[in-house]
Structure formats: structure tokens, C-alpha cells
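Here is a short report on one protein model. It starts with the core, then turns to strands, rings, surface and backbone.

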Amino acid sequence: MSAFTKIVATAALTLAASTASAALIEVQSQSQSTPFSLTSWNSDFTFNLFDSSLVGGATLQRVELSLFGQSISDLTFSATTDSWVIGSAGSSIFANLSIGGGALDIDISPSDSFGNTAPGEFVAAGTTLNLPTLTGSDADMLATIAFADLLAFTGPGTFNVGLLGLGSLTLQAFGGNVDTVQDTQSKATFGVSYFINEPTTVPNPGTLALLGLGLLAMRFRKSA
């Protein structure tokens with residue numbers, strides 16, 4: 001390969017690398033959390049929309065919504081006859097987001113179980129059983145690149161998200177009558193992240209000049 005050909009190849013590779021498809025980059029992330037509260041509870045959060053003026057007029061390309069929840073449950077069982085109990089306890093946490101005519105819904109159910117092995121936890125007749133504290137956590141994420149959704153998330157204003165937490169209990173009892181007392185607390189964190197195209201690298205004048213010289217040299221070489 002001649003020196004001129006090497007120059008052209010190097011310049012062409014440099015130019016190709018600089019004009020490759022841009023990757024997405026996160027430019028803003030927001031999150032808000034509730035405290036641990038006895039279920040049921042509800043909370044309302046306010047988040048900023050994507051403001052293109054803060055990132056040089058770039059266009060929103062992707063929105064990610066996330067929800068993380070935790071629950072703590074204390075259960076007490078009182079039996080009139082020898083009994084066994086099995087099930088799970090925790091909470092269901094729902095986030096409902098409606099914006100720009102479209103609805104985005106996420107639900108999450110952090111929970112922990114008890115009496116996993118049949119026949120379950122034993123509760124002797126005339127006694128009360130306090131289970132060790134049950135804990136659970138779960139997470140969910142929703143992303144959108146739909147034009148209508150991106151447009152709805154764009155602007156200088158804000159949007160609201162409502163969260164709802166509800167206690168949940170699944171219980172099976174065998175052998176007799178069982179009274180159950182449940183004390184469940186839960187919390188949640190909701191987040192939103194915005195993504196734009198990573199700015200592409202513009203070839204500097206030196207690279208363009210090098211490419212031009214290389215092409216010119218090839219032309220002379222062809223006609224020689």
C-alpha cells in the first residue's frame with residue numbers, strides 16, 4: 001500500500017468513526033420516596049418534564065419510569081384447636097400515571113411467605129404464635145420511545161404521579177379456627193429518567209483537509 005493510500009484509509013476511518021450512530025445518554029434523573037407507613041396509604045409526587053432548553057435544544061429520545069417497594073409485616077395467629085397456617089404477607093403498591101392522553105401503569109407486590117413447607121407453621125390449641133417479622137421488596141421498570149409519549153413528557157412544566165399502597169395477605173389454615181392479626185407497613189420510591197442522543201463528534205478541519213489531500217493524491221496517481 002502506498003503512502004498516499006495509507007493516508008486516505010486513515011482519514012476515512014477517522015471520519016467514519018466520528019459520524020457513527022450516536023448512543024443514548026441520560027441527562028436527567030429524578031426520584032421521590034414515601035416513608036414507611038401502615039397500609040393503606042396514598043402519596044402524590046410532582047416531577048419536572050423534560051426541558052430541551054436545558055440540554056442545548058436536544059430532542060427527548062427515551063423515558064424510563066421505575067418503582068421500588070419494600071414491606072414489613074408482623075403476623076399473630078391464635079388457635080382454638082391445633083392448627084397449621086401457610087401463606088404470604090406484604091403489600092401491593094400501585095403507581096398510576098396518565099399524561100398526554102396516554103396511561104402508564106406499574107404495579108408491584110413486595111411480599112414474604114411463611115409456612116413454606118407443608119403442612120405449614122404449627123399453632124397449638126389455646127396459644128398465640130407471633131411470626132418473625134416478614135420483609136419483602138420488589139421493583140419494576142417501564143420505558144417508552146413512542147413519539148406521543150415523548151411529546152407528552154416534554155415541556156417546561158411538571159407532571160404528577162399518584163402512589164397507592166395496600167396491605168395483602170394470603171392465608172390457608174388447616175385443623176381448626178385461627179384468628180389472625182396483621183400489621184404491615186410499606187414504602188415506595190418512584191423515579192423518572194430522560195435520555196437524549198449523545199452528541200456526535202464533528203471532524204476537525206485538519207481531518208477534512210487530510211482526507212481532501214488523500215483523495216487528490218489518488219486522483220493524480222490514477223491519471224499518471
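## The nonpolar cores

The largest nonpolar core has 25 residues. Within this core, L65, L67, F153, F159, L163 and F190 touch the most other members. A nonpolar core here is a set of buried Ala, Val, Leu, Ile, Met, Phe, Trp, Tyr and Cys residues joined through side-chain atoms within 4.5 Å. Buried means under 20% relative accessible area, exposed means over 50%, and partly exposed lies in between (1.4 Å probe, protein chains only). The elements that give two or more residues to this core are β3 (41–48), β4 (60–79), β5 (83–99), β6 (102–108), β11 and β12 (178–197). Strands are DSSP runs (E, at least two residues), as are helices (H or I, at least four), and both are numbered from the N terminus. β12 gives the most to this core: five residues.

A second core is separate and has 10 residues, including L75, V85, F114 and V123. In soluble globular proteins, nonpolar side chains tend to be buried together.

## Basis of the model

This is a predicted model, in which local features need pLDDT of at least 70 and side-chain atom pairs count only at pLDDT 80 or more, while totals for chains, interfaces and linings use all residues. Residues are numbered from 1 along each chain as its sequence is written, and side-chain values use heavy atoms, with hydrogens and water left out.

## Aromatic rings

Seven aromatic pairs turn up in a search of the whole structure. In one, F153 and F159 have ring centres 5.3 Å apart and planes at 90°, so the pair is edge-to-face. The cut-offs are as follows: rings of Phe, Tyr and Trp (its six-membered ring) pair if their centres lie within 6.5 Å; planes under 30 degrees apart count as stacked, over 60 as edge-to-face and the rest as tilted.

F153 is buried, at 0% relative accessible area. F159 is also buried, at 5%. F153 and F159 belong to one aromatic cluster with F45, F47 and F190.

Two strands pair if DSSP finds at least two bridges between them. β12 pairs with strand β1 (residues 24–33) in the antiparallel sense, over nine bridges. There, I25 has I196 of β12 as its bridge partner. Strand β2 (residues 37–38) also runs antiparallel to β12, joined by two bridges. S37 is partnered with S186 in β12. β4 pairs with β12 over 19 bridges, again antiparallel. R62 stands opposite F195 in β12.

β4 has other partners. With strand β10 (residues 134–144), β4 forms an antiparallel pair over 11 bridges. S66 has M141 of β10 as its bridge partner. With strand β9 (residues 128–130), β4 pairs over three bridges, also antiparallel. S78, found in β4, stands opposite T128 in β9. S78 is partly exposed, at 25% relative accessible area. S78 and V178 are 100 residues apart in sequence, but their C-alpha atoms are 5.5 Å apart in space.

## Salt bridge and surface patch

How many salt bridges does the structure hold? One. A salt bridge is a side-chain nitrogen of Lys or Arg within 4 Å of a carboxyl oxygen of Asp or Glu. E64 forms a salt bridge with R62, and the closest N and O atoms are 2.9 Å apart. E64 is partly exposed at 22% relative accessibility. R62 is partly exposed at 24%.

F94, L164 and L166 form a nonpolar patch on the surface, with about 210 Å² of accessible area together. Patches are made of residues with over 30% relative accessible area and no salt bridge; like charges are joined within 9 Å, and nonpolar side chains (Val, Leu, Ile, Met, Phe, Trp, Tyr) within 5 Å. Accessible areas come from the Shrake-Rupley method with a 1.4 Å probe; for residues, only the protein chains shown count as cover. L164 is found in strand β11 (residues 158–174). At 34% relative accessibility, L164 is partly exposed.

## Cis peptide bonds

Most peptide bonds are trans. The bond joining T39 and S40 is cis, with omega about 10°. S40 lies in the loop between β2 and β3. The peptide bond from A118 to P119 is also cis, with omega near 5°. P119 sits in the loop between β7 (111–114) and β8 (121–123).
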